[in-house]
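This report covers a single protein chain.

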Amino acid sequence: MITAKEAREKTLDININKNNKILMDIQNEIKELISRGKYELLSFANISIDVEETLTQLGYEVNTSIDLIGEQQTIITWY
């Protein structure tokens with residue numbers, strides 16, 4: 001059995017890895033959209049607050065809302 005501290009560290013590692021994967025996926029989508037002359041990305045992925053904050057710190061405008069059927073949608077804009 002693992003200790004509470006080990007469980008917390010393992011959970012943090014999993015969350016960091018998940019957030020990094022989401023950021024990499026978003027970055028790849030943004031690169032593709034930029035190559036096509038676009039300035040925003042509409043994502044239906046469940047983006048965490050940490051990922052939103054990172055994108056904002058990188059200079060992106062991030063607007064998240066819940067649509068009529070309760071799904072999260074996020075618009076990421078760059079200029």
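Buried means under 20% relative accessible area, exposed over 50%, and partly exposed in between, with a 1.4 Å probe and protein chains only. In a regular strand the side chains alternate between the two faces of the sheet.

S1 and S3 run antiparallel and are joined by 4 bridges; two strands pair if DSSP finds at least two bridges between them. Opposite Glu 40 stands Thr 77 of S3. Helices (H or I, at least four residues) and strands (E, at least two) are DSSP runs, numbered from the N terminus.

## Basis and confidence

This is a predicted model, in which local features need pLDDT of at least 70 and side-chain atom pairs count only at pLDDT 80 or more, while totals for chains, interfaces and linings use all residues. Residues are numbered from 1 along each chain as its sequence is written, and side-chain values use heavy atoms, with hydrogens and water left out.

The chain has a mean pLDDT (the predictor's confidence in each residue, from 0 to 100) of 93, and 100% of its residues reach 70 or more. Confidence is lowest in H1, with a mean of 93, and highest in S3, at 96.

## Helix H1

H1 comprises 32 residues (4–35), which should span 46 Å at 1.5 Å a residue; the end C-alpha atoms are 46 Å apart, in agreement. The expected span is 1.5 Å times one less than the number of residues.

Asn 19, Ile 22, Leu 23, Ile 26, Ile 30 and Leu 33 of H1 are buried. The helix's buried residues pack against S1 (40–43), H2 (49–57) and S3 (72–77). After H1 comes Gly 37, with a positive phi near 80°.

## Gln 72

Gln 72 is in strand S3. Its relative accessibility is 17%, so Gln 72 counts as buried.

A polar atom of the Gln 72 side chain lies 3.2 Å from the backbone oxygen of Ile 47. The side chains of Gln 72 and Thr 74 are joined by a polar contact of 3.4 Å. A polar contact is a pair of N or O atoms within 3.5 Å; within protein, one must be able to donate a hydrogen and the other to accept it, and residues adjacent in sequence count only if both atoms are side-chain atoms.

## Tyr 79

Tyr 79, in the segment after S3, is exposed, with a relative accessible area of 78%. The side chain of Tyr 79 makes a polar contact with that of Glu 61 (3.4 Å).

Notes
Contact means heavy atoms within 4.5 Å.
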